[in-house]
Amino acid sequence: MIKVQNLVKHYGNLEVLKGISTQIKRGEVVSVIGPSGSGKSTFLRCMNLLEVPTSGQIWVRNDEITSKKTDITKVRQHIGMVFQHFHLFPHMTVLENLTYAPIRVKGKTKATAQQKARELLKRVGLADKEAAYPNRLSGGQKQRAAIARSLAMEPEIMLFDEPTSALDPEMVKEVLDVMKGLATTGMTMVVVTHEMGFAKEVADRICFLDQGQLIEDATPEQFFHQPSTERAKQFLEKIL
Ligand code: ADP
Ligand code: MG
């Protein structure tokens, strides 16, 4: 579903990604973990060209998104992204948040978009919140609404950048549960997270980034029990 080859990203003189290569299969759940500043967000943002790689190639589905010939807007329709902060449209109800892009971008009718939106709200446990404005929701509810809004575009890939980092502790689980549910549907997911429980339990694979390098690309079993690098061992000792 995604193939990354020799991805390099510079910001001025700063080399943030130093030649990353990996592949993500359809239906796979990959957790990207690593110290702060190691390049996790940049790596994720390159996958939908929110950041333009300095060099290297990325394929999404069958399109090389790093090729100038590719229409990135089209490819992005297959990729949902959820950030640490929720970015819901504040002046729209929850239902309108979910139906806006499907109607505007995908040309769905209002009725079809609303039906799909209600299904999704039910799935994330927000069936009773469709008429609420975002400022009336808790952080966990906002994040679940943001996930549902991404899903309303029927993406084939979901990218998550620390979706629970801005939440109060008691709300983390409700969001992780929604993500777990999504993983069981066969969604291809790339999840930057500090939630090691989620990474262990849900991810098929762990990508460990350190100083812009992908230094471990392993199963959770391998990574958590027998990391092959000293840097991963030190990281795990600090956080576990
Ligand atoms: P992580 O998500 O692992 O914390 P980031 O990908 O956000 O790491 O950042 C990696 C490095 O790139 C950091 O040193 C950060 O300061 C730098 N960086 C990120 N975005 C920019 C930017 N837009 N301009 C300049 N430097 C940036
Ligand atoms: Mg980050």
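Good morning. Residues are numbered from 1 along each chain as its sequence is written, while chains are lettered from A and ligands numbered from 1 in the order in which they are written. As the model is predicted, local features need pLDDT of at least 70, side-chain atom pairs count only at pLDDT 80 or more, and totals for chains, interfaces and linings use all residues; side-chain values use heavy atoms, with hydrogens and water left out.

I begin with the record. An unreviewed UniProt entry carries the annotation "domain: ABC transporter" for residues 2–236; such annotations may be inferred rather than shown by experiment. In the model, that span is 37% helix and 26% strand, and its end C-alpha atoms lie 27 Å apart. Helices (H or I, at least four residues) and strands (E, at least two) are DSSP runs, numbered from the N terminus.

Next, a pair of helices. How do H5 and H6 pack? Helix H5 covers residues 139–151 and helix H6 residues 169–184; their axes, 8 Å apart, form an angle of about 20°. The axes are lines fitted to C-alpha atoms over the stretch in contact, and angles run from 0 to 180 degrees between N-to-C directions. H5 is therefore roughly parallel to H6, a term for angles under 35 degrees. Contact, meaning heavy atoms within 4.5 Å, involves residues including Ile 147 and Leu 151 of H5 and Val 175 and Val 178 of H6.

Helix H3, residues 94–104, has Val 94, Leu 95, Asn 97, Leu 98, Thr 99 and Pro 102 buried. Buried means under 20% relative accessible area, exposed over 50%, and partly exposed in between, with a 1.4 Å probe and protein chains only. The cover over these buried residues of H3 includes H5 and helix H4 (110–123).

Finally, two loop residues. Is Asn 48 buried or exposed? Asn 48 counts as buried because its relative accessibility is 5%. Asn 48 sits in the loop between helix H1 (40–46) and strand E4 (55–60). Beyond residues up to four places away in sequence, Asn 48 touches Ile 65, Ile 72, Arg 76, Ile 79, Met 81 and Leu 159.

Phe 83 lies in the loop between strand E6 (79–82) and H3. With a relative accessible area of 24%, Phe 83 is partly exposed. Leaving aside neighbours within four places in sequence, the contacts of Phe 83 are Arg 45, Leu 50, Gln 143, Asp 161 and Pro 163. Among them is Gln 143, a residue of H5 that also takes part in the contact with H6.

How values were computed: Parallel < 35°, antiparallel > 145°, perpendicular 65-115°, else oblique.
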